[in-house]
Amino acid sequence: MPVLNSKKLKDDGSNYLDWIRTLRITLRYENKEYVLDEDVPILGDNPTLEEVTAYNKHYDESTKVTCLKLETMSSGLQKNFETWGAFDINQQLEDMFQEQARQE
């Protein structure tokens with residue numbers, strides 16, 4: 001993870017494309033990239049053991065990815081997202097920086 005720490009996401013998002021690419025490569029290697037694109041599932045009434053197991057796995061991996069994302073952001077962005085989950089952070093950052101990314 002040292003590569004991610006050397007390329008923290010700036011408040012203005014000027015390095016967003018490089019940051020998200022590096023993050024996705026790292027998470028792909030760890031088999032956790034899916035948490036950026038899939039929200040933690042909601043368990044219905046009387047979930048099966050398989051559903052609970054899948055939920056717990058996704059929740060735990062989402063928590064780890066959230067911590068990694070926060071660690072690799074500027075302190076200003078960290079303050080904005082410290083209580084958010086990995087999927088929601090990803091969606092918001094895309095909304096914030098998509099126009100900039102499109103221009104690049």
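This is a predicted model: local features need pLDDT of at least 70, side-chain atom pairs count only at pLDDT 80 or more; totals for chains, interfaces and linings use all residues.

Guide: Residues are numbered from 1 along each chain as its sequence is written, and side-chain values use heavy atoms, with hydrogens and water left out.

Visitor: How many aromatic pairs does a search of the whole structure find?

Guide: The search finds four. Rings of Phe, Tyr and Trp (its six-membered ring) pair if their centres lie within 6.5 Å; planes under 30 degrees apart count as stacked, over 60 as edge-to-face and the rest as tilted.

Visitor: Why is the pair of Y55 and Y59 called stacked?

Guide: The ring centres are 6.0 Å apart and the planes are at 20°, so the pair is stacked. Both residues belong to helix α4 (residues 49-71), and because they are four residues apart, about one helical turn separates them.

Visitor: Why do Y55 and Y59 count as partly exposed?

Guide: Buried means under 20% relative accessible area, exposed over 50%, and partly exposed in between (1.4 Å probe, protein chains only). Y55 has 23% and Y59 has 44%, so each is partly exposed. By contrast, both Y16 and F97 are buried.

Visitor: How do you know that W19 is buried or exposed?

Guide: W19 has a relative accessibility of 1%, so W19 counts as buried. This residue lies in helix α2, and ring pairs link Y16, W19 and F97 into a cluster. The side chain of W19 also reaches the backbone oxygen of T72 at 3.0 Å. Contact means heavy atoms within 4.5 Å; leaving out residues up to four places away in sequence, W19 touches K7, K8, L9, K69, T72, M73 and L93.

Visitor: What makes a group of residues a nonpolar core?

Guide: Such a core is a set of buried Ala, Val, Leu, Ile, Met, Phe, Trp, Tyr and Cys residues joined through side-chain atoms within 4.5 Å. The largest one here has 18 residues, and those with the most contacts inside it include L9, Y16, W19 and L93. Helix α2 gives the most to this core, with five residues.

Visitor: Why is the passage of α2 by α4 given a hand?

Guide: A crossing is left-handed if the near helix is turned anticlockwise from the far one by less than a right angle, and right-handed if clockwise; α2 passes α4 in a right-handed crossing. The contact is made by W19, L23 and L27 of α2 and V65, L68 and K69 of α4.

Visitor: Why does P41 count as partly exposed?

Guide: P41 has 35% relative accessibility, so P41 counts as partly exposed. Its place is in the loop between α3 and α4. Apart from neighbours within four places in sequence, P41 is in contact with Y55 and H58.

Methods: Helices (H or I, at least four residues) and strands (E, at least two) are DSSP runs, numbered from the N terminus. A polar contact is a pair of N or O atoms within 3.5 Å; within protein, one must be able to donate a hydrogen and the other to accept it, and residues adjacent in sequence count only if both atoms are side-chain atoms.
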